[in-house]
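Subject: A structure for you to look at

Hello,

Here is the structure I promised to pass on. Please open it next to this email and follow along.

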Amino acid sequence: MVSIESSSMNDEPQNLPIFSKKNPNTAMTKKGVYVAISYMACAVLLVIFNKAALSSYNFPCANVITLFQMLSSTLILYVLRRWKVISFTVQDSHTVATRTADLVPFMKVLHCTPVALSYLLYMLVSMESIRGINVPMYTTLRRTTVFFTMMAEYFLVRKKYSSYVVTCVGIIILGAFVAGARDLSFDYYSYTVVLISNITTAVYLACISSLGESSGLNSFGLMWCNGIICTPILLLWTAYSGDLDATINFSYFYTTGFQAVIVLSCALAFLLNYSVFLNTTINSALTQTVCGNLKDLFTVGFGWLVFRGLPFDLLNIAGQCLSFLGSCLYAYCKLKGI
């Protein structure tokens, strides 16, 4: 489920930057810092619960978990909207329509179709991308998403970044390739799928960035459109592929422990989706991507401390540290508005 310097998607006016008075359009706000940290926390926790479902319980249908997450997210949004807790549009921040037809007009839903379809494509490709490649090389290639995000934002919304930011992204990519240098093997199919996954991720984030300027919807509204467009498609896909039948016949499906893991996974997915939209809206799509890199580092570090046995050598650690340094320098540039 994956995010913009504009505040047009927020329920509240964007706060003025508190870290820099020089470049208010590029400096990260205090709210932006909180949102970025919240995203990373939700992402790491979601990985833990998804890992529990897919590995500890050996649940074979990852797409069904995604379907459950979409259904629960859409239901939560509907209930909150009907109870007048949230709104779906920027202009409707304090008054919420009570008729179902007034949730989001059909034309706005249609307007958000590129975001939803790019998300669905990103999700399906990402599921395939991990199959035929080892984890160090997968991490290496996935880190190049920052480059694709910059390119997507330039071509879709004509967004440019300073030479300092470009340098930081270059350090991140260099560190990623140093980390995977010992694992470079030319599996053309796997490389191609991972790179396509990077491109679809970048397009998804850039689409959110672009539509945040023109849709008139806030983060909740875009999440709603994403859910009502993607859920029927994914439902048909899982039914056609046999995943739904496999889920019904899954031996742990009716156990309390497995159900608790799924419920917590769905709750975290909702929070994660919201934080992705909010982080990309308040900060930028590139910031969202770099936060994803930092999240990956924390996740890998946590996994190494808890599970041990990961195939890290000195060169791998050096590359990971270099990527982390690049991410920290990027965060510094954003905080200072460089």
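**Two cysteines, no bond**

The sulfur of Cys 225 has its closest cysteine sulfur in Cys 112, 4.0 Å away, which is too far for a bond. A disulfide needs the two sulfur atoms within 2.5 Å. By this rule, the count for the structure is zero disulfides. Cys 112 is therefore in no disulfide, with the sulfur of Cys 225 as its nearest cysteine sulfur. Both cysteines sit inside. Cys 112 is buried, at a relative accessible area of 2%. Cys 225 is buried too, at 1%. Please keep in mind that this is a predicted model.

**The overall build**

The protein has 13 helices and zero strands. Of its 338 residues, 49% count as buried. The protein exposes about 16300 Å², and carbon and sulfur atoms supply 69% of that area.

An unreviewed UniProt entry lists transmembrane regions, among them residues 62-80 and 220-240. Residues 62-80 are 100% helix in the model, with end C-alpha atoms 27 Å apart. Residues 220-240 are also 100% helix, and there the end C-alpha atoms are 30 Å apart.

**Aromatic rings**

How many aromatic pairs does a search of the whole structure find? There are 16 aromatic pairs. One of them joins Phe 59 and Phe 258. Their ring centres are 5.3 Å apart, the planes are 55 degrees apart, and the pair is tilted. Phe 59 lies in the loop between helix H1 (30-56) and helix H2 (62-82), while Phe 258 lies in helix H11 (residues 256-282), so the pair ties together parts 199 residues apart in sequence. Phe 59 is buried, at 3% relative accessibility. Phe 258 is buried as well, at 2%.

Now look at Tyr 119 and Tyr 204. Their ring centres are 5.2 Å apart and their planes are at 45 degrees, so this pair is tilted. Tyr 119 belongs to helix H4 (residues 113-129) and Tyr 204 to helix H8 (residues 188-214), so the pair ties together parts 85 residues apart in sequence. Both tyrosines are buried.

Phe 59 and Phe 258 also belong to one aromatic cluster, whose members include Tyr 57, Phe 250 and Tyr 252.

**A patch on the surface**

Which residues form a nonpolar patch on the surface? They are Phe 106, Met 107 and Leu 110, with about 370 Å² of accessible area together. Met 107 lies in helix H3 (residues 106-111). At 58% relative accessibility, Met 107 counts as exposed, because the cut-off for exposed is over 50%.

Best wishes

Conventions. Residues are numbered from 1 along each chain as its sequence is written. This is a predicted model: local features need pLDDT of at least 70, side-chain atom pairs count only at pLDDT 80 or more; totals for chains, interfaces and linings use all residues. Side-chain values use heavy atoms; hydrogens and water are left out. UniProt positions are given in the numbering used here, feature names are shortened, and annotations may be inferred rather than shown by experiment. Helices (H or I, at least four residues) and strands (E, at least two) are DSSP runs, numbered from the N terminus. Patches are made of residues with over 30% relative accessible area and no salt bridge: like charges are joined within 9 Å, nonpolar side chains (Val, Leu, Ile, Met, Phe, Trp, Tyr) within 5 Å. Accessible areas come from the Shrake-Rupley method with a 1.4 Å probe; for residues, only the protein chains shown count as cover. A salt bridge is a side-chain nitrogen of Lys or Arg within 4 Å of a carboxyl oxygen of Asp or Glu. Buried means under 20% relative accessible area, exposed over 50%, partly exposed in between (1.4 Å probe, protein chains only). Rings of Phe, Tyr and Trp (its six-membered ring) pair if their centres lie within 6.5 Å; planes under 30 degrees apart count as stacked, over 60 as edge-to-face and the rest as tilted.
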